[in-house]
Amino acid sequence: MLKLFIALQMAALTTLASLEDRVTRQRDERGSVTIEQVIWAGAVIVIVGIVVAAIKFFVTSESAKIK
């Protein structure tokens with residue numbers, strides 16, 4: 001599960017970095033945030049939230065089995 005989380009995080013960060021490179025090469029509007037960047041940031045937050053919830057569910061279900 002941790003490997004999946006790390007892979008998703010690396011994929012998201014790589015995508016965001018390449019997106020940022022494209023935006024800065026085309027225009028020199030420093031400080032501006034595009035809608036696309038906001039959508040990507042929201043998607044990353046949602047993915048991380050899902051992964052954290054899955055890990056928490058797994059850990060709590062496994063800890064209930066320990067007696």
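What is the accessible surface of the protein, and what percentage of that surface belongs to carbon and sulfur atoms?

Reply: The structure is a predicted model. The accessible surface of the protein comes to about 5700 Å², and 69% of it belongs to carbon and sulfur atoms. Of the 67 residues, 7% count as buried. The secondary structure consists of two helices, with zero strands. Helix α1 covers residues 2-26, and helix α2 covers residues 35-65.

The nonpolar patch on the surface is formed by M1, L4, L8 and I47, which together have about 360 Å² of accessible area. Two of these members can be described in more detail. L4 is located in helix α1, whereas I47 belongs to helix α2. L4 has a relative accessible area of 48%, so it counts as partly exposed. For I47 the relative accessible area is 37%, and this residue is therefore partly exposed as well.

Q9 lies in helix α1, and the C-alpha atoms of Q9 and I47 are 8.7 Å apart in space, although 38 residues separate the two along the chain. Q9 is partly exposed because its relative accessible area, 37%, falls between the limits of 20% and 50%.

In the model, the span of residues 38-59 is 100% helix and 0% strand, and its end C-alpha atoms lie 32 Å apart.

Side chains of opposite charge can pair when their charged atoms come close. The structure holds one salt bridge. K65 forms this contact with E62, and the closest N and O atoms are 3.3 Å apart. Both residues lie in helix α2, where they are three residues apart, about one turn of the helix. Their accessibilities fall into separate classes: K65, with a relative accessible area of 61%, is above the 50% limit and so counts as exposed, while E62, at 32% relative accessibility, is partly exposed.

To return to the part requested, the patch brings together M1, L4, L8 and I47; among them, L4 is found in helix α1 and I47 in helix α2.

Conventions. Residues numbered from 1 in each chain as written. Predicted model: local features only at pLDDT ≥ 70, side-chain atom pairs only at ≥ 80, totals over all residues. Heavy atoms only, no water. Patch = residues over 30% accessible without salt bridge, like charges linked within 9 Å, V, L, I, M, F, W, Y side chains within 5 Å. Areas by Shrake-Rupley, 256 points an atom, 1.4 Å probe, with all protein chains shown as cover. Salt bridge = Lys/Arg side-chain N within 4 Å of Asp/Glu carboxyl O. Helix = DSSP H or I, 4+ residues; strand = E, 2+ residues; numbered from the N terminus. Buried < 20%, exposed > 50% of the residue type's maximum accessible area, 1.4 Å probe, protein only.
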